[in-house]
Amino acid sequence: MANPTRSLLSISALLLSGWAFVSNALADPICVVDDRGRDVCIDHAAMRIAALSPGATELIYAAGAGDNVVAVVSYSDYPEAAKSVTSVGSHTRLDLERLISLQPDLILAWGTGNPTEQIETLERLGLPVYYVEPHEFEDIARNIDNLGALAGTSKRAKEEAKRFRTGIDVLHERYKQAPRVKTFYQVWDEPLMTMNGSHYISKVVDLCGGDNVFADSPRLIPRLSQEAVLLKNPEAIIAGGMGERNANWLEKWRVFADLLATQKGNLFFVPPSLIQRPTPRLLEGAQILCEKLDIARARR
């Protein structure tokens, strides 16, 4: 005759395991809104994440989910740990076969950088795609929050997002009454390029009390002639240059003795990785840029 106590324990165990299965099956999906305004929902925290731009890589690490990243693209060089993650090509040409073989359960796509047809292929395969395309400071913080939610690392993500928001608020309060500085930011050398007022770098310039002299350009990244810059006669020129310690782009402006920025010695270098990626490190880049414009004010 079966032991009634043991039978009850067995039935209870089955009921509990069955309830756990039903509970998992009925658990609410994780849903966030990406930078294209799309609802992105997944059934469980993402454990195998593909970050298809260097900026997306930085953001997912900032959200505390670096250990979940299984694929990156070329130039994903920060943080250091990202360099050892499998590369699936460049952001402009993905190795889809290699990417799919890594079995990602979340794709972080760069809307204006990744090939549209390749991202659409991934979506047709049923892979959830979250578009990363920050244009505002708050977009950066919100992306960190969202990626933390998708990866199950919300606590760490919220801490980092708060740190970034607080840092931006501090700079806003410090410089909101500062005398304005006419500023030219050089995005590239040949061809000569800058950005208009809609670009996040222009918003850094504005945050620091600078006036982007090409803010009203109709193009996000306009190409320019040297003559166009000379006509604007900026008080300060800031360039990122090629590499973290290469300020060669500024040398070309030194020959223009009548240029106000040259007269005042206001030709400044900011490490490009700190300001040309919309990631939490933008805060550090903003602090450096603000210090450069303070120097320009002091030279009046």
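1. For residue classes, Ala, Val, Leu, Ile, Met, Phe, Trp, Tyr, Cys and Pro count as nonpolar, Asp, Glu, Lys and Arg as charged, and the others, Gly among them, as polar. On that basis, the lining of the second largest pocket has five nonpolar, no polar and six charged residues.

2. A quick caveat: this is a predicted model, where local features need pLDDT of at least 70 and side-chain atom pairs pLDDT 80 or more, while totals for chains, interfaces and linings use all residues. Numbering runs from 1 along each chain as its sequence is written, and side-chain values use heavy atoms, without hydrogens or water.

3. Now the aromatics (rings of Phe, Tyr and Trp, its six-membered ring, pair if their centres lie within 6.5 Å; planes under 30 degrees apart are stacked, over 60 edge-to-face, the rest tilted). The count comes to four aromatic pairs. One of them joins Phe184 and Phe214, edge-to-face at 5.8 Å centre to centre with 70° between the planes. Phe184 also pairs edge-to-face with Trp253, at 5.9 Å and 75°.

4. Have a look at the whole group: Phe184, Phe214, Trp253 and Phe256 form one aromatic cluster. Phe184 is buried (under 20% relative accessible area; exposed is over 50%, partly exposed in between; 1.4 Å probe, protein chains only), with a value of 0%. Trp253 is buried too, at 2%, and so is Phe214.

5. Two charges sit over rings (NZ of Lys or CZ of Arg within 6 Å of the ring centre and within 35 degrees of the ring normal). Lys232 lies over the face of Phe214, 5.5 Å from the ring centre, and Arg36 over that of Tyr131, at 4.0 Å.
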